[in-house]
Amino acid sequence: MKNDKASPMHYLMILPGVGFIILFLGSSIFLTVCQSFGLFSITGKSSFTLDNWKVIATQEARDSVFFSLKMGLLSSVGTILFTFPVALFLRKGGGGKRFLGSLIKIPLFIPALVAAFLIVNLISYHGIVNEALMKLGLLKEPLRMLNDRFGWGVIVIQIWKNLPFVLLIVMASLAGVRDDTVDAARNLGAGTWQVLINIYIPLTMPGILVSMILMFIKAFGDFPITSIAGPIYPSSISFRMHATATLYQEWDQAAVLGVIIIATALFVIWAYSRLAEFVQGEIR
Amino acid sequence: MKKLLPFVLACLVASVFVFAEGAKETAAPQIDLKTATWDQIVQAAKAEGQVTFYAWYFPDYFKEASMDFEKQYGIKVNLVIGDQTANFNKAIAEKGNAVGTIDCMIVGGQWVKTTMDLDLFWGPVNKIMPDADKLAPTLWVVQEGVMTKGYLTPFHRNQTGILYDPDRVTNPPQTWEELTAWIDANPKKFGFNDPSKGGSGQSFVHTLIAYTTGGLKQYEGDSDLVQTKVANWDLAWKWVNDRKDNLTFTASNNDSITRLNDGELAMTVAWDDNVKDMMTKGNLFKRAKMYIPKMGLAGGGDTMGVLKNAPDKAAALLFINHITSKEQQVKKFQMLNAYPARVDIPIEGTLLTEEDRKTNAIPWFPAPYKSHMIAEFVKNVLMK
Amino acid sequence: MRRFYLLLTAFFVIVQLVWIGVPIMMAVLWSLVDPQYPWSFPHLFPQRLAPAPWIYVFKYTNIIKALKTSYSIAPFAVALSFLISLPTAYVLGRKNIPGKKLFNLVVLLPIIMPGMVVALFLSRVFTAFRLSQTFIGLVLAHTLMGLPYMLRVLTTSFQTIPQDVIDAAENLGAGTFVKIKDIFLPMVRPGLLAGMIFAFTTSIEEFNLTFIIGTPTFETIPTILFSFMGYNFIRTNAAVVALVMMTPNIVMLFIVERFLKSDYLSASLGKM
């Protein structure tokens, strides 16, 4: 499959996609990196300096980075855990499954901000969830679920909103698993669990990987959902970047945080890819 | 799929014609706005023919005001109600352009410092505006603790106060000690927002500092932070940390009010205009009461500024004059019960009494202290 | 066994109706709160319903115009990202060119970039290219933000086409055009449709860049949404805008589902 040698034709073919992106983003990334070192400053006073990078040493910046990482990792892993069984279930058609499939996909078409608002409505102090639990006698006092310190509110919203997103990708991947492969394995005596581990997961790994990467990026860099439903402290790294620039007027330090966001995301993506290769390699 | 493609292509071609028009270019004014007479400015504004104005609240009032302006002067108003952050991001992003797309915009909150530091506005305009002397004098000079040097025209005043549910609070506290006692007696029923996310929380912490560190007079007039003066601020943070379990931190100005409405809080700090807006739109129960306690809470207002690279400066000035005219300020007050910036209008029926405003409202301390306060709160209270 | 699956399906349908229906129901209720009868604790439901918030939103915002604008930009952004992605995804999915890993990362940059960088820097790039305040500019901006999804999903789809099918076709003398038309396109269809849906929703939701280079000439739905859901959060009006935004999307979803389902069946290799 992959033994064609690279030809200039191939580079020409990737030019539309990759070229388009670099054309527009190249200067923005370059400027952000420069500003983190004090050059091209938005305030007009530019000089090369490493002082801005000291801001990463502050506790607040680290807390925000770890918080956002946590949100990204837990959201992506959580969603895939929920989604995979559903994808397997929906793989076989029939019996009202199309309707179910459509229903499940609705949150995909609901914007992130709206999704946050809807869920926050439910889990507010005297919201419907608390009232129901109290009526059922399970609670004496309402639970404070909003803006919880750990960030569960955010994770729940991310899973609610993104489950269909991951589902679509995983199902597209599953569609590529041949029925006769599964049948062959079954005929050889493989049990359900073995079929899952040795066939479904490795063959859909590219889809799982892509969806987890995309979900991670969304959750890691999120601003609106975390502003509404996230803990009061720490704030997401995107918010911290925004506050550093506009509240404390430290534009260059904000650029540092920007570089950190980009670098961290790239690193985690690379880590996910290696993990996927490992899982695929191991199981095969 | 096959049928979709030609359809899409047809739409593409069609829309290119429909949507191809870009922003209209306008000629730069021929006159020097700083020395022209007001009549000349009006003529120049009419020649420009349009004005683009950005705000982030009161869509109802601004839409009506825009229609009145168009009727009176025949100048088209491009009104954009956006989001506070987005509006300023746009203004900052366009800073380097010779000609921007925003003519004038509302300026408020933390953005006063940011935009003045970045020198975004054209002016000063206090000598150009015909009714300048009828607008809140203090707001011409200082806004949110920032010296605005006459660049920003006051159009709206607001004030923070204590908002409470009279069904649950029988004796609203007036002094700092009374408030402290109430908080300790009613755990989690008093809340305020993280200062980095809204001005009402900032106002509360501002008063907190007044009462725990020896008053606000010592900071008056400082243009930079004096480290020795903030050395004892740990006393303020201690007050908060000692009763952290009794306090509720909310996520924004509006979140505080929402939580009061939801019954989670019985008392909070809020902006009077926010409260009134939410009440009229059915987002807050009508029995809620508001007052400025004797211990004092800060207030301020919002202003309007003309962008340095505005394409229609004369029209912008005329529009600002329109919004700050007596008729429009009265209209704004009637529509929204929002406090006008003009001092020559009789006011009745506001949430906060005139008495309260005169005696208990306090000014902000200088902006460098405010930024420091916000950062320190995060570091010493929220992080722990 | 069939009965068990049927019951399980029914169970999931109910779970989903609650999981999704309840939040939406709440939004509907909030959008109908009568301003004279504010909805607050301890009422579990608003005391009086009135269309006032709807009237307010339609009177004082340009929501109809924004709807038209948003739904005009989205199809082009989707079409453009599809056209741009096709060759790139093919190479990244099936060929072993040096630097492939790097390109796969570069492709993700538009969504990794922090919102502030997009708002302040990327907008200037568009202005420098004279794309500000133009329809084409907005289409290109939305395409840019949707490309990562389209590219990565499409790449993955290309990756999983088994080589033996292509070899068989080549042995039978299929030319490039035939290969594209009869093998590649049908086989990546599930992934392609997924990518198109993502590109579409990304376009509809795009706010940061659109606000800066689009307004005041073009107002999109997110502009109105953020004015009620951002700093100035008024729940009743926000509920109206949210519902107005959701409804056409959900209607379209049910339509698209028909395409998706039939394509799963045809693309499923077990049937070939």
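How many helices and how many strands does chain C have? Let's start there. Keep in mind that this is a predicted model. Chain C has 13 helices and 0 strands. Follow the sequence of chain C and the pattern reads α-α-α-α-α-α-α-α-α-α-α-α-α.

Next, dimensions. Take the principal axes of chain C. Along them, the C-alpha atoms fill a box of roughly 75 × 65 × 30 Å.

Now burial. Chain C has 272 residues, and 61% of them are buried. What about its contacts? Consider those between residues at least 6 apart in the sequence of chain C. Of these, 72% join residues at least 24 apart.

The accessible surface of chain C is about 10500 Å². Carbon and sulfur atoms account for 69% of that area.

Then charge. Chain C carries 20 positive and 10 negative charges. How far apart are their mean positions? The answer is 3 Å.

Let's move to chain A. Here we have a nonpolar surface patch of about 550 Å². Five names to find on your screen: A:Phe30, A:Leu39, A:Phe40, A:Phe48 and A:Leu50. Together they make the patch.

Pick out A:Leu50. Where is it found? A:Leu50 sits in a loop of chain A. Is A:Leu50 buried or exposed? Its relative accessibility is 53%. Exposed means over 50%, so A:Leu50 counts as exposed.

That's the tour. Over to you.

Methods
Residues numbered from 1 in each chain as written. Chains lettered and ligands numbered in written order. Predicted model: local features only at pLDDT ≥ 70, side-chain atom pairs only at ≥ 80, totals over all residues. Heavy atoms only, no water. Helix = DSSP H or I, 4+ residues; strand = E, 2+ residues; numbered from the N terminus. Buried < 20%, exposed > 50% of the residue type's maximum accessible area, 1.4 Å probe, protein only. Contact = heavy atoms within 4.5 Å. Areas by Shrake-Rupley, 256 points an atom, 1.4 Å probe, with all protein chains shown as cover. Lys, Arg positive; Asp, Glu negative; His and termini not counted. Charge placed at Lys NZ, Arg CZ, Asp CG, Glu CD. Patch = residues over 30% accessible without salt bridge, like charges linked within 9 Å, V, L, I, M, F, W, Y side chains within 5 Å. Salt bridge = Lys/Arg side-chain N within 4 Å of Asp/Glu carboxyl O.
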